[in-house]
Amino acid sequence: MNGIINVYKEKGFTSFDVCAKLRGILKTRKIGHTGTLDPDAEGVLPVCVGNATNLCELLTDKDKVYETVLYLGVTTDTEDMTGTVLTTSEVRSTKEEVEAAIHKFIGQYNQIPPMYSAIKVNGQRLYDLARKGEVIERKSRSVIIHSVEVLEYIMDETNPNYVRAVRMSVSCSKGTYIRTLCKDIGETLGCGGCMKSLLRTRVSVFDLSNSLRLDQIEELVQQEKVDQVLIPVDKMFPNLVKAQVTKAAERFLMNGNPLRKHQLQFSATVSYDTNFEILVYDSKNTFTGIFEYKVAEQCFKPVKMFLQ
């Protein structure tokens with residue numbers, strides 16, 4: 001059983017919980033997820049099964065899209081509504097002011113990760129230190145906010161001229177903390193803010209619309225149809241040319257050795273002027289790995305192997 005399943009992570013589960021439950025459902029140990037979601041967050045969590053676990057780090061690097069609610073006038077120690085309230089402030093921001101503040105964060109900006117995060121500092125998880133009441137200095141990290149679309153302004157009940165919360169869709173680079181983005185927007189407005197909810201709607205090609213809950217996956221296993229939702233690894237690289245190794249050269253492929261041009265049969269014409277990557281299949285047309293052509297050495301070298 002090899003491939004990627006587009007899992008809908010439900011509220012209350014950690015990403016680790018999802019993998020643990022899938023090991024029982026799929027009866028296999030080799031499972032890994034492609035990017036942590038907080039327990040209170042929901043949405044798309046691509047899970048790699050079998051030899052697809054070699055793909056985990058590549059998928060973690062992909063851009064992501066989230067739907068979130070920014071709640072203004074409140075700050076917490078976790079930067080979301082689950083934490084201890086640190087400050088409360090009167091909100092006196094109009095739609096135009098909120099939109100202007102949001103717009104300031106589109107593009108590249110330096111973000112300081114929250115204390116309640118899985119990042120390690122000197123071998124310790126930040127959230128472990130935070131639970132002990134410790135707050136340490138964190139280095140800022142460069143992230144990219146590709147776009148922010150405001151989906152809904154939720155106005156203050158007592159004064160409908162001012163915004164109390166904003167529901168928005170955020171497209172961003174890997175490593176972006178949406179909680180911290182909400183906090184930073186609140187600081188820019190002068191009233192503070194935190195994240196009220198988070199739904200991940202896309203990771204690379206994996207979309208919310210075709211994600212599956214754990215009970216749905218379990219039902220497919222019982223019906224012996226789970227292979228229908230396992231996305232093969234090579235389908236993740238539609239733009240790469242395919243090449244099948246000759247029978248005589250198959251032992252070189254299986255040992256992860258460099259391959260020469262004459263040992264491969266290509267599905268399309270290629271140019272050897274620059275370095276480029278290809279998908280390599282064995283003589284029985286089973287996908288085996290990603291190789292890169294090296295102009296200087298005039299051979300294809302393995303980038304990532306996906307042996308059975």
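This is a short tour of one protein chain, stop by stop.

**Before you start**

The model is predicted, so local features need pLDDT of at least 70, side-chain atom pairs count only at pLDDT 80 or more, and totals for chains, interfaces and linings use all residues. Residues are numbered from 1 along each chain as its sequence is written, and side-chain values use heavy atoms, with hydrogens and water left out.

**Stop 1: the whole chain**

Show the chain as a cartoon. The C-alpha trace spans about 75 × 50 × 40 Å along its principal axes. The chain has seven helices and 18 strands. Helices (H or I, at least four residues) and strands (E, at least two) are DSSP runs, numbered from the N terminus.

Now colour by burial. Buried means under 20% relative accessible area, exposed means over 50%, and partly exposed is in between (1.4 Å probe, protein chains only). Of the 308 residues, 46% are buried.

Turn to contacts, which means heavy atoms within 4.5 Å. Take those with a separation of 6 or more: residues 24 or more positions apart account for 65% of them.

**Stop 2: helix α3**

Select residues 95-103. This is helix α3. Which of its residues are buried? They are V98, A101 and I102. An α-helix has 3.6 residues a turn, so residues three or four places apart point the same way.

Then go back to the buried residues. Their cover includes β4 (64-72), β10, β11 (163-172) and α5 (178-189).

**Stop 3: the largest nonpolar core**

A nonpolar core is a set of buried Ala, Val, Leu, Ile, Met, Phe, Trp, Tyr and Cys residues joined through side-chain atoms within 4.5 Å. The largest one has 27 residues. Select L72, M168, V170, I178 and I185, which touch the most other members. At least two core residues come from each of β4, α3, β10, β11, α5 and β12 (193-203).

Zoom in on V170. Leave out residues up to four places away in sequence. V170 then touches K64, V65, Y66, T68, I145, S147, V148, I178 and L181.

**Stop 4: salt bridges**

A salt bridge is a side-chain nitrogen of Lys or Arg within 4 Å of a carboxyl oxygen of Asp or Glu. How many are there in the whole structure? The search finds 12.

- Select E10 and R213. Their side chains form a salt bridge, 3.4 Å from N to O. The pair links distant parts of the chain, 203 residues apart. E10 is in the loop between β1 (3-9) and α1 (15-26). R213 is in the loop between β13 (206-207) and α6 (214-222). E10 is partly exposed at 24% relative accessible area, and R213 is partly exposed at 33%.
- Select E152 and R167. Here the salt bridge is 3.2 Å, N to O. E152 is in strand β10 and R167 in strand β11, 15 residues apart.
- Select R164 and D156. Their closest N and O atoms are 3.1 Å apart. D156 is buried, with a relative accessible area of 11%.

**Stop 5: R138**

Select R138, in the loop between α4 (126-131) and β10 (141-155). R138 is buried yet has no salt bridge. Where is the nearest side chain of opposite charge? It belongs to E79, 4.7 Å away. Lys and Arg count as positive and Asp and Glu as negative; His and the chain ends are not counted.

The side chain of R138 does reach the backbone oxygen of P113, at 2.9 Å. Beyond four places in sequence, R138 touches I112, P113, P114, M115 and L126.

**Stop 6**

Select T76 in strand β5 (residues 74-76). Is T76 buried or exposed? At 7% relative accessibility, T76 counts as buried. A polar atom of its side chain lies 3.0 Å from the backbone nitrogen of E79.

Finish at C56, in helix α2 (residues 56-60). C56 counts as buried, at 12% relative accessibility. Setting aside neighbours within four places in sequence, C56 is in contact with G32, H33, T34 and C48.

Terms used:
Polar contact = N/O pair within 3.5 Å; in protein donor to acceptor, adjacent residues only side chain to side chain.
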